Each structure stands twice: as structure tokens, then as C-alpha cells.
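Have the sequence and the model open as you read.

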Amino acid sequence: MSDTLPPLPPVGGLSTKQVRGAACVYCGIHLGVGPAIDLGEQPAAVADLAVRWFPRACNGCGTP
Ligand SMILES: [Zn+2]
């Protein structure tokens, strides 16, 4: 984890692909075979349920 990354957006406002790590959590670009930055397992609360999700970021968003 890097201190330079912006805060993660609320998981409830993200697409399914973003929640699954298939798309950049910040800009929504598809993350295919290219490099991506793993932001690690994150806890969240969705509809009063405790869940975990695995956001990833593209290099454009994840590097200063
Ligand atoms: Zn991005």
C-alpha cells in the first residue's frame, strides 16, 4: 500500500468489475493482461453485511 494513493471510493458506488478488481477502482478502465496495482484486500460494509473486496488500480491512477 502506498500513502500517495487517493482514498478508495465507496464500494457501493462501484461497478461489479471494479469491485472484483477487473477494472480500475478509480477511473473504471478495464484491467486486462496489462500491469495493474493490487490495492490489497479491503473490508467494507454493504447493506449491513461485512464483506471483503479486492480493488486494483491502473498505472495511471495508482502511480503519482
Ligand atoms: Zn485508473
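## Basis

This is a predicted model: local features need pLDDT of at least 70, side-chain atom pairs count only at pLDDT 80 or more, and totals for chains, interfaces and linings use all residues. Residues are numbered from 1 along each chain as its sequence is written, and side-chain values use heavy atoms, with hydrogens and water left out.

## Zinc site

The zinc ion has the protein donors C24 (SG), C27 (SG), C58 (SG) and C61 (SG), at 2.3 to 2.4 Å. Donors are N, O and S atoms within 2.8 Å of the metal (3.2 Å for Na, K and Ca). Their spacing along the chain is C-x2-C-x30-C-x2-C. C24 sits in the loop between α1 (16-20) and β1 (36-38), and C61 in helix α2 (residues 59-62), so this pair ties together parts 37 residues apart in sequence.

The angles between the four donor atoms are 105 to 115 degrees, which makes the arrangement tetrahedral. For four donors, that term requires all angles between 85 and 135 degrees.

C24 is buried at 0% relative accessible area. C61 is partly exposed at 24%. Buried means under 20%, exposed over 50%, partly exposed in between (1.4 Å probe, protein chains only).

## Salt bridge

The whole structure has one salt bridge. R52 and E41 form it, 2.8 Å from N to O. R52 lies in strand β3 (residues 49-53) and E41 in the loop between β1 and β2, 11 residues apart. The term means a side-chain nitrogen of Lys or Arg within 4 Å of a carboxyl oxygen of Asp or Glu. R52 is exposed at 60% relative accessibility; E41 is partly exposed at 46%.

## Q42

Q42 belongs to strand β2 (residues 42-46). Helices (H or I, at least four residues) and strands (E, at least two) are DSSP runs, numbered from the N terminus. Q42 is buried at 15% relative accessibility. A polar atom of the Q42 side chain lies 2.9 Å from the backbone oxygen of L39.

Definitions and conventions: Polar contact = N/O pair within 3.5 Å; in protein donor to acceptor, adjacent residues only side chain to side chain. Tetrahedral: all angles 85-135°; square planar, octahedral: opposite > 155°, others 65-115°.
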